[in-house]
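Dear colleague,

I am passing on a structure for your files. The sequence and coordinates come first, and my notes follow.

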Amino acid sequence: MASVTQAAERAALNKLIDYLDHDPEKHIPQIMDLVNKAVPDSVFPAQRKAIGNAIDEHSNWYELILRAFRLNPEMRSRLLKTLIVDANLLAWPVQQKAREREQCNIPWAILLDPTSACNLHCTGCWAAEYGHKLNLSYDDICSIIDQGRELGTHIYIYTGGEPMVRKADLIRICEKYPDCIFLCFTNATLIDEAFCDEMIRVANFVPAISAEGTEATTDERRGKGTYAKIMHAMELLRERQLPFGISCCWTRANADAVASEEYMDWMIEQGALFCWFFYFMPVGKGATSDLMPTAEQREHMYRFIREMRHKKPLFTLDFQNDGEFVGGCIAGGRRYLHINAAGDVEPCVFIHYSNANIHNVSLLDALKSPLFIKYYEGQPFNENHLRPCPMLENPDVLGRMVAESGAHGTDLVEPETPEELREKTVAVAEEWKPVAERLWRNEDDEMFEKRHDPYQGMDSVEEHKFERLGRDVEAERAAAFSE
């Protein structure tokens, strides 16, 4: 239950949202001064500074803020209050206290699979192989959320399978937890007018639609007719001024199409507010490395996304290339974890190994399980945060952690050993290493000075963690730059 102090903070911050919502263009320039008076300096300082600069400069990010205030007036105030106030400004200090108290990772967001069922069979996605038998029940999901909220986690992200197979339960959960935000990775083929009406009513559900370029590339990977259904879903959302974004799995085959200004403009024209770019991962025994992007394509994506962030009113995350902004790997509960439809608590949506199942242990016990503690103690896994992942860029690390923790494979079709997975990633890791080192050491890069800070993208709680573990991260960073 929220304290009296937190309730007062919530009321004050919600009034700020109302103030903004009344006349955004007039009031937005004043908002950061008001937020800075109401919120402790330790809560998202870098992000608040960046937002303040964007407003002062009337940049593309300022335009993105205005786009958010042009959402459907029947739900935007409630959405923004939940997202900004409950799920971030108030939630972060609770998470930080839990991290310090429990001495383990506490997630900012929890990814979970409501079901293994999916109506598509996309190349490169393991979900369709799982069949239609596994589900987290309504009570299972509520239990996860109840436990997460106690730790300060108010963001829940549905993966799958296709979560929209469980539309009715998803809406019930939105109704039960109005102080949480629910984002849903979806193929969009099940979004209809009735569901759009439900989104308006609950105001805390946001789709992230899988859309990966042209009709030809989409239908080739995901099935004929899929592109047309995606376009129809986006039309419904756009007409109703509802929030949504794009989830893009970029591969060797579609890299040139998605890393283009035309694709960025297309997403904005469709009404998307954000895009999450995911590097193709060869997870599962049936997956091969053939679709993994080349080092040349990855470098192009690295440069392209940074260029677009200075030009386009679209929030983008490039999960493999943005490690330097968040202190390396964010999995293992450091910022998120994944719970599959069988209840296995996994460090990452792409890491199918675990010591814990949510049906047998608490969420906190799962965060303290051997594999999760290996993540906690080992992060960052590389001092070059352009090589963050223990599977993709540091392929020997994952196998060592799995062996030392005694974790078992959790792939719902046919578990593969870390050694089998390593065979598919080691060559790509070696190809990327010299490119990542060249980019990391580029003295002309705007991030170069920050890269000498061993705590770049981290916070004070993590600094205390390193002290407690006896890790001299300053020496680690200095040694990495001297090699």
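**Glu377 and its surroundings**

Setting aside neighbours within four places in sequence, Glu377 is in contact with Leu469 and Arg471, where contact means heavy atoms within 4.5 Å. This is a predicted model, in which local features need pLDDT of at least 70, side-chain atom pairs count only at pLDDT 80 or more, and totals for chains, interfaces and linings use all residues. Residues are numbered from 1 along each chain as its sequence is written, and side-chain values use heavy atoms, with hydrogens and water left out.

Glu377 belongs to helix H16 (residues 370–378); helices (H or I, at least four residues) and strands (E, at least two) are DSSP runs, numbered from the N terminus. Glu377 counts as partly exposed because its relative accessibility is 37%. The classes are buried under 20% relative accessible area, exposed over 50%, and partly exposed in between, with a 1.4 Å probe and protein chains only.

**The chain as a whole**

The secondary structure comes to 21 helices and twelve strands. For 483 residues, a compact globule would have a radius of gyration near 23 Å, and the 21 Å of this chain agrees with that; the radius is taken over C-alpha atoms, and the globule rule is 2.2 Å times the number of residues to the power 0.38. Along the principal axes, the C-alpha atoms fill a box of roughly 55 × 50 × 50 Å.

Of the 483 residues, 60% count as buried. The chain exposes about 19900 Å², of which carbon and sulfur atoms supply 53%; these areas come from the Shrake-Rupley method with a 1.4 Å probe, and for residues only the protein chains shown count as cover. Among contacts between residues at least 6 apart in sequence, 73% join residues at least 24 apart.

The chain is divided into domain 1 (1–70) and domain 2 (336–482), with bounds from an automatic or database domain assignment. Taken over C-alpha atoms, the domain centres are separated by 33 Å.

**The sheet**

Ten strands form an open sheet with mixed pairing, in the order S7-S6-S5-S4-S3-S2-S1-S8-S9-S11. Two strands pair if DSSP finds at least two bridges between them. Strand S7 (315–318) and strand S11 (356–357) stand at the edges with a single partner strand each, so one side of each has no neighbour in the sheet.

Strand S2 (residues 155–158) has Ile155 and Ile157 pointing one way and Tyr156 and Tyr158 the other, all of them buried. Strand S1 (residues 109–112) runs parallel to S2 and is joined to S2 by four bridges, with Leu111 opposite Ile157. S2 also pairs in the parallel sense with strand S3 (residues 181–186), again over four bridges. In S3, Ile181 is the bridge partner of Ile155, and Cys184 is that of Tyr158.

Between S2 and S3 the chain passes through helix H8 (residues 167–176), and this β-α-β crossover is right-handed: with the strands pointing away from the viewer, the path from the first strand over the helix to the second runs clockwise.

Ser247 lies in strand S5 (residues 245–250) and counts as buried because its relative accessibility is 8%. Beyond neighbours within four places in sequence, the contacts of Ser247 are Phe185, Ala208, Ile209, Ser210, Ala211, Glu212, Trp276 and Phe278.

Regards
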